[in-house]
Amino acid sequence: MAFFSRPQSASAAIKIVAPSTVSDDPTKSSPKKDSTQRQCRNILIYGSCKFQDKGCIYLHPPRPSTPPPAQTPQPETPSGSAKLSQAVNAPVFVPKSSSLPPTSPSPSRAQAQTPLTASTLSNSPPATEYDENDPYDPNYYLQSGENNDLYGMYAADSVASQMQALDVNPYSKLYDLQLQPEYDQSMEYYQPQPSYIRQPLDYHLYSLPPPSPPPSHFISPTLYTDLQLRSEIVHTAPAPGLNLPDELQGYHTLVPLESTTGERRKFGNWYSTVYRATGKDGRGYVLRRVSDFRLMHHAAFQGIEQWSRVHHPNIVPIHEAFTTRSFGDNSLVVAYTYYPNSQTLYDAHIKPRAPTFVHGRLQAAPPHVSERTLWSYIIQIAGAMKAAHDQGLAVRMIDVTKVIVTGRNRIRVGSCGLADVLTYSPSTPARVPGTPVPAAQIQEDLVMFGKLIMALCCNNVAATSNFAKSLEVVTQHYSTDLKNVALFCLSKPGAHKHIGQLFDMIGSRLLTEMDDLQNGMDHLEGQLMSELENARLVRLLSKFGFINERPEFARDERWSETGDRYIIKLFRDYVFHQVDERGRPIVSLSHVLSCLNKLDAGTEERIMLVSRDEQSVLVVSYKDVKTCVESAFAELSQR
């Protein structure tokens, strides 16, 4: 009995053949154990394996010379090329949460978004056709041009979709001002931003004014008091028993600004009186009346018409002139602009004044006007004279009783044009506007100007009557330049003597005057800046009036006195309806202003609000009340 037998016809050698890559039993699964009979996954995924010649133990089949025939992939186990084709032809993912409608792509993007069909892929080389020595590069698809565009398109669309899905509007709680977004065709990959319109300010802005400039020569330290005094003087009523006319060519409520009894001031050979009156437009005017003057020629008003066209900051504007018999005689009346609480240079500097108390001590008035103030007066009067001479008019009214001080060191020449009417002569040729002023009238203005300077320096109207002594006083108390200006005005007339030569003598003091004017302007702008938000409390009170106890919403549950509206009502009672221990109303304006200012600022200070029936007590802060006011007013505005 034999245990082992050899085949009869077979050779004893064992034939070695290459292992088959296809299993004999198709139903039998491939072994899970890694071996050389298993194809390399890099071939299936990337088409090549860069470790093929570097020790990779898996099978690397040779490349066919011709592309293999297309085979229908099995639905259970698709091949690598089919997977790639399906990934390329997959539709673009669009989030369902996108709030904005999709925009139409540009031509370049439309071409990039064209689906890759089978015909398109047939023209391109197969996915497995690579060079044998082509190394594997994981960034290959990001570096290639076409795939890079495709990847960028997917990335930009996904980012844009996510940004659209957010729909963040930081201003949605404050304003409902979102508009249609504007697109820029040259910037296709950027999400358009909504635009907003800046609305008028509903609330105040606390902003500090600029730093205070140096003290100005023209701004009074008691500016607010001066302005209030001017406003009060405008509305003063006339004293009874003056026997003044009730109405005068449309002007009413006449109040004399000078004494009408005793010694009266003369205007040349006529007596004159100054009145304050109210015009048809409600503004104040000054009426200078010349008594017992009979107008013989209506052409005398030609000078008034020419002066009415002169506008200069140092000349009192003139409005009209007329004659009247309302005072019981033939009177000439000229209307000028009224400057409340103004006084003449005579009343401000020359008129004797009683000693006054300064810091608890009796102190006499200064005997002389300061040189800085005199230079300011000289520059202002010289500017007014030059403006009049340039228009062919002579001032003829440069006197301490006709130049008025309307503010701190601010003067204006008044009563202009009146001398032209009083001294009119038919034999004098009519003055043509724009023609030069006669040399005699220029010299007359300069002499009057020189007398005014000497009167202010010596505190004496008749200073030029004793010229030597007056000149000695000027030399003793003032500079040589000031004395030279006075001597120039009082010197003998010359053929080429004019007001322009006076500015050459003033020199650099014009720059000092300009610096003080600019400092004064900065000071006024700073004061105005601090008053910009003085209506904030009125806005709060207006909102209270809009919100509280609206009759049309009395039965509306959403607007009944609950919630925010109830807190606002209790706060109104806390501010305006408080009573003392005896039940008497407390009328305290300081309490109202303090509460409204704290509410306007929204402070964290807490207050206790008690209902009218004393059954409910709420402890809230001013910030909470402010939030309630804003919320209720915004809701009311949207109804």
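**Close-up 1. Arg 396 in the loop between helix H10 and strand E11.** Arg 396 is placed in the loop that runs between helix H10 (371–390) and strand E11 (403–407); helices (H or I, at least four residues) and strands (E, at least two) are DSSP runs numbered from the N terminus. Although Arg 396 is not a glycine, its phi is positive, at about 65 degrees. With 19% relative accessibility, Arg 396 counts as buried, a term for residues under 20% relative accessible area, whereas exposed means over 50% and partly exposed in between (1.4 Å probe, protein chains only). The model is predicted, so local features need pLDDT of at least 70 and side-chain atom pairs count only at pLDDT 80 or more, while totals for chains, interfaces and linings use all residues. Residues are numbered from 1 along each chain as its sequence is written, and side-chain values use heavy atoms, with hydrogens and water left out.

**Close-up 2. Asn 243 in the loop between helix H7 and strand E1.** The loop that holds Asn 243 lies between helix H7 (223–234) and strand E1 (247–248). Asn 243, a residue other than glycine, has a positive phi near 55 degrees. Its relative accessibility is 75%, and Asn 243 therefore counts as exposed.

Close-up 3. Thr 344 belongs to strand E8 (residues 343–344) and is buried, with a relative accessible area of 10%. Leaving aside residues up to four places away in sequence, Thr 344 touches Arg 265, Val 400, Thr 401, Val 403 and Ile 404; contact means heavy atoms within 4.5 Å.

Close-up 4. Cys 628 is found in helix H20 (residues 622–637), where its relative accessible area of 8% makes it buried. Residues up to four places away in sequence not being counted, Cys 628 is in contact with Asp 564, Ile 567 and Ile 568. A distance of 8.5 Å separates the C-alpha atoms of Cys 628 and Gly 563, which are 65 residues apart along the chain.

**Close-up 5. The aromatic pair of Tyr 251 and Phe 322.** Eight aromatic pairs are found in a search of the whole structure. The ring centres of Tyr 251 and Phe 322 are 6.3 Å apart and the planes stand at 10 degrees, so this pair is stacked. Rings of Phe, Tyr and Trp (its six-membered ring) pair if their centres lie within 6.5 Å, and planes under 30 degrees apart count as stacked, over 60 as edge-to-face and the rest as tilted. Because Tyr 251 lies in strand E2 (residues 251–256) and Phe 322 in strand E6 (residues 318–324), the pair ties together parts that are 71 residues apart in sequence. Both Tyr 251 and Phe 322 are buried.

**Close-up 6. The aromatic pair of Phe 546 and Phe 633.** The rings of Phe 546 and Phe 633 form a tilted pair, their centres being 6.2 Å apart and their planes at 35 degrees. Phe 546 lies in helix H17 (residues 536–547) and Phe 633 in helix H20, so the pair ties together parts that are 87 residues apart in sequence. Phe 546 is partly exposed, with a relative accessible area of 44%, and Phe 633 also counts as partly exposed, at 24% relative accessibility. The charged end of Lys 543 sits over the ring of Phe 633, 5.2 Å from its centre; this description requires NZ of Lys or CZ of Arg within 6 Å of the ring centre and within 35 degrees of the ring normal.
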